[in-house]
Amino acid sequence: MTNVNYFKDQFSALQTSDPNELLTGIRKENFDTFSRSGLPTLRQEEWKYTNISSLFDKDYEFAADQEISPYLLSSLEEIRINGHQNANELVFLNGRYSPSLSAVRSPESQLVVLPLEEAIDSKYKALVAMHLGQSSSYIKDGIHALNTSFIHGGLFLYIPKGQQLLHPVYIYHLSDAGQQHTLSQPRSLIYVEAQAKFQLAETYKTLGTCESFTNEVMEIVVEADAFVEYYKIQNDGPNAHQTNTTHIRQMEKSHVHTVVLSLNGGMVRNNLNLVMDARGNETHLYGLSLLRGKTHVDNHTMIDNKMPDCYSNQLYKSVADDASTSIFSGRIIVQPDAQKTNAYQSSKNILLSEQASINAKPQLEIFADDVKCSHGCTVGQLDEEALYYLRARGIPKEKAEVLLLHAFAADIVDQIKLEPLQKYTEKLIYEHLTVS
Amino acid sequence: MLSIKNIHANVEGKEILKGINLEIKPGEVHAIMGPNGSGKSTLASVLAGREEYEVTEGEVLFSGKDLLELSIEDRAREGLFLAFQYPVEIPGVSTTNFIKAAVNEKRKYQGLEPLDAVSFLKMMKEKMAMVEIGQSLLSRSINEGFSGGEKKRNEIFQMAMLEPKLAILDETDSGLDIDALRIVANGINKLRTPDRSILLITHYQRLLDYIQPDYVHVLYKGRIVKSGTKELALELEEKGYDFITESIDQSANV
Ligand SMILES: Nc1ncnc2c1ncn2[C@@H]1O[C@H](COP(=O)(O)OP(=O)(O)OP(=O)(O)O)[C@@H](O)[C@H]1O
Ligand SMILES: [Mg+2]
């Protein structure tokens with residue numbers, strides 16, 4: 001990477017302009033890590049297949065603060081998830097939370113939405129201090145440290161105890177790469193109190209034709225008996241690259257359900273970490289990548305079972321066409337205390353082209369004896385028998401293939417429990433598959 | 001309607017069909033019988049266009065067109081229908097959507113507008129009654145978890161919906177209980193018209209009691225070794241294949 005000096009200057013400037021005591025400390029520590037380790041390279045085991053440092057042959061810069069223009073508003077309109085009138089719609093512009101573009105529709109008794117800096121100056125200070133930056137102890141690489149070095153303009157969400165939030169939170173990330181190669185680094189901390197229920201979806205859009213790199217970190221704490229659904233929809237341009245970490249800490253008997261859907265994009269790396277910090281949790285992780293062109297999507301999941309009696313199930317599916325690349329790496333750790341862990345993992349893939357590639361790798365690290373763990377991985381083609389059957393009824397080959405791809409995707413789409421979002425993604429997938 | 005001339009076909013380098021000749025005129029019902037492994041399903045697959053089967057010699061005309069030049073889907077849209085011996089299960093694809101797509105693809109091929117939802121539903125209802133199949137099966141994924149008999153009934157339902165010129169029914173009777181056999185056979189009979197031809201592949205006389213064939217052929221080791229009228233089937237039922245195959249095997253050994 002070429003512009004170390006740029007980041008140094010920006011770092012010093014930020015430390016001066018936003019001298020928040022808590023943040024300056026976290027930033028400093030992480031900027032040291034970043035300076036020491038630089039960006040991940042293929043030599044690092046966890047980054048073996050995803051060469052993000054190659055993207056940084058271009059000089060990425062942070063975007064300056066921007067006026068809200070009709071252009072921005074109409075771009076926002078393009079990725080809005082319709083069908084849920086009272087959804088809370090939060091917008092990040094170039095990696096910074098924008099209260100003025102956002103619409104919080106739930107009352108404060110159900111949902112607290114604050115800029116991260118304001119949260120630090122409020123009664124939530126202790127919570128933020130305790131939980132912000134927890135992901136750094138799991139992911140120590142330079143790109144994660146780069147996000148943390150520049151925490152500024154972040155978002156804090158708090159769901160009070162027992163609140164069954166009726167209306168979901170949608171987060172839209174807009175990055176403007178109209179004038180320059182833009183680096184956006186969204187940061188958020190979400191605290192879901194005991195017995196609360198919370199549904200969240202995120203999606204991304206890049207404007208303009210320069211390259212955009214989104215480097216996002218989101219930390220979610222799920223307290224006892226709380227329930228969280230988390231959805232990520234990635235359908236951005238080929239110039240839109242992304243590394244993101246979603247770091248979820250589960251307390252006793254909590255329930256987490258996630259779906260990551262990747263369609264179009266450039267080079268994308270998704271880290272999804274689940275830390276079982278108490279017993280009796282239930283976790284369901286689903287992924288679906290339908291890739292073509294040169295899109296590269298690398299899904300890394302990590303479940304750290306530290307305490308007993310946790311159940312987790314993962315199903316990641318992908319289809320790779322053209323010269324696309326799909327990677328799944330699922331790591332399951334079962335610590336000595338985590339007896340009676342049940343952890344299942346399965347990755348199913350379809351390779352449609354000789355230029356495409358698929359890598360799927362389970363990593364089981366089991367240090368307890370009374371556990372049930374399994375993993376499975378398949379890479380195949382579309383079912384020839386099924387294709388023949390459909391064609392023998394007069395359905396042309398290309399359409400028959402699309403039908404089978406929809407069928408392949410269906411059980412993951414079914415896992416999107418938020419109905420308007422499910423409709424939205426069905427439409428995206430339909431358009432995505434019929435364009436080709 | 002269908003004219004098969006000296007068809008030879010290989011699968012995985014092995015010759016399975018060794019010179020088949022068969023003429024089917026509009027409205028005729030032909031039955032093909034023959035021991036296991038004689039090549040009956042292979043013949044059906046060659047006609048439907050299955051890609052693993054390589055035709056090395058011969059020609060097939062279907063309504064005057066060179067059938068072997070057509071893609072699988074074009075054969076279907078020209079009006080050829082194969083009811084499979086082992087219908088495949090396709091999880092995730094709804095039977096109704098699939099049949100709608102198939103009906104409309106055929107209409108498109110014929111230069112017709114797609115059916116609107118109301119007309120499609122009306123057609124479905126009518127044909128469902130004809131083959132006595134319930135809505136609950138059709139709202140499930142294609143053949144997924146269907147019993148053997150339900151799968152066969154679904155094949156005949158699709159035949160009813162697609163209104164083919166030529167239907168090849170590969171052991172549609174096997175795996176059916178007595179009532180289901182009667183229902184399926186009645187369905188097929190209702191689909192008989194003066195210009196729709198049917199090629200029945202079967203092991204059992206019982207089906208032919210319901211659907212009276214005009215001709216019966218015996219396929220053995222890749223050739224049609226005997227043809228006759230429906231009385232031939234009765235004779236086979238009584239005597240087995242030996243009385244035909246023995247003389248063939250002997251003459252082959254000479
Ligand atoms: N895909 C294939 N690969 C290898 N051999 C095949 C294949 N398909 C058919 N055969 C062989 O060709 C021969 C004829 O098979 P076919 O299925 O046509 O018989 P059939 O007359 O329909 O038998 P049945 O009455 O049991 O249905 C058999 O020996 C079979 O093993
Ligand atoms: Mg057969």
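Analyst: Let us begin with strand S16 (residues 311-320) of chain A, of which eight of the ten residues are buried. Buried means under 20% relative accessible area, exposed over 50%, and partly exposed in between (1.4 Å probe, protein chains only). Helices (H or I, at least four residues) and strands (E, at least two) are DSSP runs, numbered from the N terminus. This is a predicted model, in which local features need pLDDT of at least 70 and side-chain atom pairs count only at pLDDT 80 or more, while totals for chains, interfaces and linings use all residues. Residues are numbered from 1 along each chain as its sequence is written, chains are lettered from A and ligands numbered from 1 in the order in which they are written, and side-chain values use heavy atoms, with hydrogens and water left out.

User: With which strands does S16(A) pair, and in what sense?

Analyst: Two strands pair if DSSP finds at least two bridges between them. Strand S14 (residues 282-291) of chain A is joined to S16(A) by ten bridges in the parallel sense; here A:His284 has A:Asn313 as its bridge partner. S16(A) also pairs in the parallel sense with strand S18 (residues 342-351) of chain A, over ten bridges, and A:Ser312 lies opposite A:Ala343 there.

User: What does the sheet that holds these strands look like, and which strands are its edges?

Analyst: In a regular strand the side chains alternate between the two faces of the sheet. The sheet in chain A is open and has ten strands, in the order S2-S1-S5-S8-S10-S12-S14-S16-S18-S20, with mixed pairing. Its edge strands are S2 (96-97) and S20 (372-380) of chain A, each of which pairs on one side only. Elsewhere in the sheet, strand S1 (residues 88-93) and strand S5 (residues 169-176) of chain A pair in the parallel sense over six bridges, with A:Val91 opposite A:Tyr172.

User: Is A:His300 buried or exposed, and what does its side chain reach?

Analyst: A:His300, found in strand S15 (residues 296-305) of chain A, is buried because its relative accessible area is 9%. A polar contact is a pair of N or O atoms within 3.5 Å; within protein, one must be able to donate a hydrogen and the other to accept it, and residues adjacent in sequence count only if both atoms are side-chain atoms. The side chain of A:His300 reaches the backbone oxygen of A:Glu46 at 3.3 Å.

User: Which side chains are in polar contact with B:His203?

Analyst: B:His203 lies in the loop between strand S10 (197-201) and helix H8 (205-210) of chain B. Its side chain makes a polar contact of 2.8 Å with that of B:Glu171 and another of 3.5 Å with that of B:Asn36.

User: How many residues of each chain are in contact where chain A meets chain B, and how many salt bridges are there?

Analyst: Contact means heavy atoms within 4.5 Å. By this criterion, 16 residues of chain A are in contact with 30 residues of chain B. A salt bridge is a side-chain nitrogen of Lys or Arg within 4 Å of a carboxyl oxygen of Asp or Glu. There are five salt bridges between chain A and chain B; A:Lys399 and B:Glu105 meet in a salt bridge at 2.6 Å, N to O.
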